[in-house]
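Please consult the sequence and structure shown below while reading.

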Amino acid sequence: MNQCNSPVTSATIGSAALPQAGLSAPQPEGIELFQSGAMPEGHHAVTAPGGYEWWYFDAEDREHDRQIVVILLEGFVFHPAYLRRYARYRRRPTQYRPPLPREYCCAYFVVYDRGRISHQMMLQYPPEDFAAATDRLDVWLGPNRAVEADGKIAVTLRGTPWELTWQGPRLREGMTLTGEFNFTPRLQHPPMQRTFLSRRMTGAEHSWVLARPLCEVRGIIRCFDPQAPGEGLGIRFHGLGYHDHNYGTGPLGPGLKRWIWGRVLFEDALFTFHHAVPRERGLKPESHLVEADAHGIREVPIACLAADWSAISPLLLRYPRELSIDDTMRLHNPRLIDSSPFYLRLIYDATCRGRAGSAFCEVAYPNRLRWPVLGRMIEMSIRRA
């Protein structure tokens, strides 16, 4: 295991921080690149080229070893075409029109069953199909919606699924994947908002809203042929879930070598962390650990984060065999449930303050999205609605 030679810092945005080579330049004074007056869970209407805003949900049904991930995105920050256009605009800003978040609105839904992908969809919608409120959580993206009302969040999904074949991604034409879920918060604290990646590392501002980090989740998943008689009863889902919300004024990837984040859910508490390793050698990694329980949502100071990055996926991405944050959290015994060319999803055995649980984690290598062939393959999995 790697040893910590110096404390890990939680970097924040500083007005004097300068962007590194190849990253976004400072924005002109007086130009608002997002709606700063929006409520934390509301729409911040990011207008910065290469910017983004997303609402993220995941949940786990431990009894049946089943997990779901749902993301509604305005500005899919990992869309290869969006990143290509942004890089071209940055090289010649007077010759090319800046790409805006509204041009890359996407809905993503994946279901994992017993350690494998059961169903998944990624749909891109035209700008006019996106709508969101600034004063509350209420996001529409075509037939997909997330809205908070009456003490719970209703999340609904509908689209054409795709599957990975030896020839690349293939749409399951004629099939429809749907999901209907209620996320009922177990903690009633107001959202916590903070910076999660610094301008110095990424060249942009990035905000992380810990909105409803611990929820009870009930729902149903269906995958059916609309032309066939009867839609079936579907798969019932019941477990614990997590919800956060992110927005930023530029891409995440240019300044990152790799990035891991994850969360551990208990019946009455939640731990979530981020750890970003910069591409520039002179910069330090940035890490955050947040704990939530009946006493509130709070950041936990980190003295030492140690990780053994010796495990390698079938597509040659490294991930931790073990990761520890001081005496607060330890992850080990990883189980790989999703292996793509630029990100991985894993489930670890976890110990947090002496309590045993499981961690749902993601490892990303965003720079790989700039590889031409890989970028085109990923675009094949994104269907235009």
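## Basis of the description

The model is predicted: local features need pLDDT of at least 70, side-chain atom pairs count only at pLDDT 80 or more, and totals for chains, interfaces and linings use all residues. Residues are numbered from 1 along each chain as its sequence is written, and side-chain values use heavy atoms, with hydrogens and water left out.

## A buried histidine

H243 is placed in strand β14, residues 235-248 (strands, E, of at least two residues, and helices, H or I, of at least four, are DSSP runs numbered from the N terminus). With a relative accessible area of 0%, H243 is buried (buried is under 20% relative accessible area, exposed over 50%, and partly exposed in between, with a 1.4 Å probe and protein chains only). The side chain of H243 makes a polar contact with the side chain of E41 at 2.7 Å. A polar contact is a pair of N or O atoms within 3.5 Å; within protein, one must be able to donate a hydrogen and the other to accept it, and residues adjacent in sequence count only if both atoms are side-chain atoms.

## Salt bridges

A search of the whole structure finds 24 salt bridges (a side-chain nitrogen of Lys or Arg within 4 Å of a carboxyl oxygen of Asp or Glu). R263 and D58 meet through their side chains in one of them, at 2.9 Å from N to O. R263 belongs to strand β15 (residues 256-265) and D58 to strand β1 (residues 52-61), so this pair ties together parts that are 205 residues apart in sequence. Both R263 and D58 are buried. A network of salt bridges links D58, E60, R62 and R263.

Two further pairs involve partly exposed residues. D135 forms a salt bridge with R136, with the closest N and O atoms 2.7 Å apart; the relative accessible area is 48% for D135, and the relative accessibility of R136 is 42%. The side chains of E322 and R330 meet in a salt bridge at 2.8 Å, N to O. E322 is partly exposed at 23% relative accessibility, as is R330 at 35%.

## A buried proline

P320 lies in the loop between β21 (318-319) and β22 (322-325). At 0% relative accessibility, P320 is buried. The C-alpha atoms of P320 and P334 are separated by 7.9 Å, and these residues are 14 residues apart along the chain.
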